[in-house]
Amino acid sequence: MKIKKQAFFKSGVSEVWNKATDLSDQLWRSDISRVDSFEQGKKFRETTKKGAVTEFEVILFEPVSRYACKMENEKFSGSFSLCLSIAADGSPEKDGTRLILTEEIKAKNPLLAPAMYCFVRAAMARYMADLALALGEKN
């Protein structure tokens, strides 16, 4: 299943990019308790506050533009991508940044797929809200 969500931030594209992709500073996310980075950031592991662990491998890193990872945990496998664009007429200070998150996941247990869809949509919304707060913006 493929799930896509987008949000607009008043912050400039570089500021949004830096906050979203800095693996040494991900604790602004309300659902994450720990992020461990390996192989100079090419692989990392997120641990949620509930103890769930997801492994990531970076497959695309185009600074201030696109970031994509393969991901897997005990319940699903798939991919995650983050795309940024300068909104409106091209002036980030004036118009802000559009962020598009896309997750394509496959439940390891097909019976869990409907619940997983709801969970991923909620997690993406939480990520966007947490990012807005981390950037000093109200969501």
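Reader: Which residues lie nearest the centre of the largest pocket?
Author: In this predicted model, the largest pocket is lined by 35 residues, and those nearest its centre are Asp31, Thr48, Thr54, Phe119 and Ala123. A pocket here is an open set of points on a 1 Å grid over the protein atoms alone, where a 1.4 Å probe fits, with protein on both sides within 12 Å along at least five of seven lines, and lining residues have an atom within 4 Å of a point.

Reader: Which element gives the largest share of the lining?
Author: Helix 3 does, with eight residues; helices are DSSP runs (H or I, at least four residues), numbered from the N terminus.

Reader: Which residues touch the most other members of the largest nonpolar core?
Author: Of its 33 residues, they are Phe9, Tyr67, Leu82 and Leu99, and helix 3 gives this core its largest share, seven residues. Such a core is a set of buried Ala, Val, Leu, Ile, Met, Phe, Trp, Tyr and Cys residues joined through side-chain atoms within 4.5 Å.

Reader: What should I keep in mind about numbering and cut-offs?
Author: Residues are numbered from 1 along each chain as its sequence is written, and side-chain values use heavy atoms, leaving out hydrogens and water. Local features need pLDDT of at least 70 and side-chain atom pairs count only at pLDDT 80 or more, while totals for chains, interfaces and linings use all residues.

Conventions: Helices (H or I, at least four residues) and strands (E, at least two) are DSSP runs, numbered from the N terminus. Buried means under 20% relative accessible area, exposed over 50%, partly exposed in between (1.4 Å probe, protein chains only).
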